[in-house]
Structures are given as C-alpha cells and as structure tokens.
Amino acid sequence: MSATIEGGCRCGAVRYAIPGPDLPRTYACHCLTCQTWTGSAFSLQCVVPEAALEVTGTPHLYERVSDDGARLSRQRGCAQCMTRVYNTNSARPGMAVIRAGTLDRSDELKIVAHIWAKRKLDGIEIPAGIPAWPEGAPPAEFMAAMMK
Ligand SMILES: [Zn+2]
Ligand SMILES: [Zn+2]
C-alpha cells in the first residue's frame, strides 16, 4: 500500500497528495448548500492539515463570505472540468477540507459522521452506531467522531 493518498479532479489537471497510508475519515453533509453545490444527495468531506496537502496544477480560486460576514471560505477546483477539489475556511485556520469523492480510492472511504441529517433523502440509511446530527454538530462532538 502506498504511503501517499492521492486524488484530483476529473480531467487530471489538478492533482493532490496527502500522507498515508490510511485514508482520511469522511463525513457526509446533507445540507441544502451541499446538495446544491454537488448536485447530489450529500457532500463527502474529510479534514486534513493544510500543510500536509500537496497540490499540483493550478486550481481555480473561488472565495465566498458567509451570509453573516463572519467567515471567508476559499474554494479551490479545476477550471477545465469544474470539479471542486478542496477548500479552506477562516473559521478553521490551518485545516483543509477535501471533497472526499475526488480521492482516487474514494470507493474505500468510510463515512464516520453525518450532519444536517434532517435533510437526508429517503432511501439513504445511516447505519446504527454512526453519529448523526439533525443540523450542524457541536465542534467538540464532531471532532471526537472524526478522530475516533
Ligand atoms: Zn480538471
Ligand atoms: Zn453541507
């Protein structure tokens, strides 16, 4: 097994690597923004130290200020194929949130937490024992679930 975990956009113009060998733990967000932004039932994300993320290619930068003006989100993705790859947020300095579906081994990911579960679609079941919150999770509880 490779010591590095790799991923990238659909066309391959933007690639990244994070330290392995274990895949990062992944959470699902069922909020409206994630559904709209992914065009899917939920987003799949994992949090890694930004310093551990090695990006090749030139990601397009899209900046968004939260509605209350308190947080700046910097989304990065591929301008060729329009895949969103990762983002950083001023609320979580030093951390990068990777769109987990962009990992080459995305089929091996384990979803260890669900947020905004009250918007979960019929037909998607959260297994017993997997932490889920109706809306956003309190940060300490959420981090405990992600680190377990
Ligand atoms: Zn691309
Ligand atoms: Zn969301």
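Q: Is arginine 15 buried or exposed, or partly exposed?
A: Buried means under 20% relative accessible area, exposed means over 50%, and partly exposed lies in between (1.4 Å probe, protein chains only). Arginine 15 has 25% relative accessibility. Its class is therefore partly exposed.

Q: What is the distance between the closest N and O atoms of aspartate 104 and arginine 15?
A: This is a predicted model: local features need pLDDT of at least 70, side-chain atom pairs count only at pLDDT 80 or more, and totals for chains, interfaces and linings use all residues. Residues are numbered from 1 along each chain as its sequence is written, chains are lettered from A and ligands numbered from 1 in the order written, and side-chain values use heavy atoms, without hydrogens and water. A salt bridge is a side-chain nitrogen of Lys or Arg within 4 Å of a carboxyl oxygen of Asp or Glu, so this pair forms one. The closest N and O atoms are apart by 2.7 Å.

Q: Which residues are linked with Arg15 in a network of salt bridges?
A: Asp104 forms a salt bridge with Arg15. The network holds one more name besides this pair. Arg15 is linked with Asp104 and Glu6.

Q: Which residue meets glutamate 108 in a salt bridge?
A: Glutamate 108 is partly exposed, at 37% relative accessibility. The N to O distance in its salt bridge is 2.8 Å. The partner is arginine 105.

Q: How many salt bridges does the count come to?
A: Among them is the pair of arginine 71 and aspartate 68, 3.7 Å apart at the closest N and O atoms. By the salt-bridge rule, the count comes to seven.
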